[in-house]
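Here are my notes for you to read with the model open in your viewer. Take them one point at a time, and look up each residue as you go.

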2 protein chains.
Amino acid sequence: MDFNIDVASRTPIYRQLAEQIRSAIARGRLQENSRLPSVRDLSRRLVINPNTVARVYTELERDGLLVTRHGLGVFVASPGSDLTRKARRERLMLLLDSFFTEAVLLGFTAEEVREFVQDRSAQFQWQAGV
Amino acid sequence: MDFNIDVASRTPIYRQLAEQIRSAIARGRLQENSRLPSVRDLSRRLVINPNTVARVYTELERDGLLVTRHGLGVFVASPGSDLTRKARRERLMLLLDSFFTEAVLLGFTAEEVREFVQDRSAQFQWQAGV
DNA sequence: TCAACTGTACTATTTGTGTTAGTACAGAAG
DNA sequence: CTTCTGTACTAACACAAATAGTACAGTTGA
């Protein structure tokens, strides 16, 4: 995995890194049980503080995306959220609404947006239908 | 328009208010040329600082969503972004990707998401097809 | 003209977040 | 036992977020 950090950006480093890891998992570029770089290794490569990397790993473990085995490293967890379906749906709707809001304000039509959604969807690793 | 602020939230007040105004415009609950509450009035109603409201209005004017007429008040601007189509598309794709990422990580299937998109779309005031 | 509204600009202060730095501790592997 | 792993903690600095207060300028209507 190759991550990259823009220190000039106004979005915090730990957010940038966390989003890149989430995205990599959702797209299948990081598979279940695969190991992530060590805190010290990654911090050296990105030229950021080890604490910042550790913070990201801790946050993602709290979200159930990563599992750390002490002394061994950090690994991608098995998929599956512990939230109720209602909670998961509400969380997703917030993002959907902000997406639609931006789409309208940017002047896109409903047709255009439908097309974007259709095309872009292929880049993600969806769970098989229940 | 009724706005509400959660001071206990970790998201900044000015972000909460800005998002609510953006959303109201995108959904058509705030129509073109309609007037927003004055800085002092709204700050009194929400029990926040006038500066915070002024900051939000300034930001949204910079984004082209609002227009202020000195001495008269702040109004909803005419729709239309000054960005190029490419820039607008890239901006929207960032939001679409984070939506898809969250959807996958929450365990939703492609079918479910397609349905969400279809249903929710009706709540927004889309520009007529070109 | 003047009072009362509008937004704008500025400084000062407080609080919290983001980041780095450094040290120390504990589990796992060879 | 050395060396890797993640964890925990404190200290320090810079910046963002928010409040408070004051002052200025444009618009309206009595």
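1. First, some ground rules. This is a predicted model, in which local features need pLDDT of at least 70 and side-chain atom pairs count only at pLDDT 80 or more, while totals for chains, interfaces and linings use all residues. Residues are numbered from 1 along each chain as its sequence is written, chains are lettered from A and ligands numbered from 1 in the order in which they are written, and side-chain values use heavy atoms, with hydrogens and water left out.

2. Start with chain A as a whole. It splits into domain 1 (13-76) and domain 2 (85-123), with bounds that come from an automatic or database domain assignment. The C-alpha centres of these two domains of chain A are 27 Å apart.

3. Now find helix H5 of chain A, residues 110-120. Helices (H or I, at least four residues) and strands (E, at least two) are DSSP runs, numbered from the N terminus. A:Ala110, A:Glu112, A:Val113, A:Phe116 and A:Val117 are buried here. Looking down the axis of H5(A), the buried residues fall within an arc of 160 degrees, so they line one face of the helix; the arc is taken from the directions from the helix axis to the C-beta atoms. On the other side, A:Glu115 and A:Asp119 are exposed. Buried means under 20% relative accessible area, exposed over 50% and partly exposed in between, with a 1.4 Å probe and protein chains only.

4. What covers that buried face? The cover of the buried residues of H5(A) includes helix H4 (85-105) of chain A, plus helix H4 (85-105) and helix H5 (110-120) of chain B. Contact here means heavy atoms within 4.5 Å.

5. Have a look at B:Gln16, in helix H1 of chain B. Is B:Gln16 buried or exposed? It counts as buried because its relative accessibility is 12%. A polar atom of its side chain lies 2.9 Å from the backbone nitrogen of B:Asp6. Leaving out residues up to four places away in sequence, B:Gln16 touches B:Asn4, B:Ile5, B:Asp6, B:Ser9 and B:Thr11.

6. On to DNA strand C, which has 24 residues around it, the closest being A:Ile13, A:Asn49, A:Asn51, A:Arg55 and B:Arg40. A residue is near a strand if one of its heavy atoms lies within 4 Å of it.

7. A phosphate oxygen of DNA strand C is 2.9 Å from a side-chain N or O atom of A:Arg55. For B:Arg40, a polar side-chain atom lies 2.9 Å from a base nitrogen of DNA strand C.

8. Finish with DNA strand D. Here H3(B) gives the most to the nearby surface, with three residues. A polar side-chain atom of A:Arg40 lies 2.9 Å from a base nitrogen of DNA strand D, while one of A:Ser38 is 3.1 Å from a phosphate oxygen of DNA strand D.

Methods: Polar contact = N/O pair within 3.5 Å; in protein donor to acceptor, adjacent residues only side chain to side chain.
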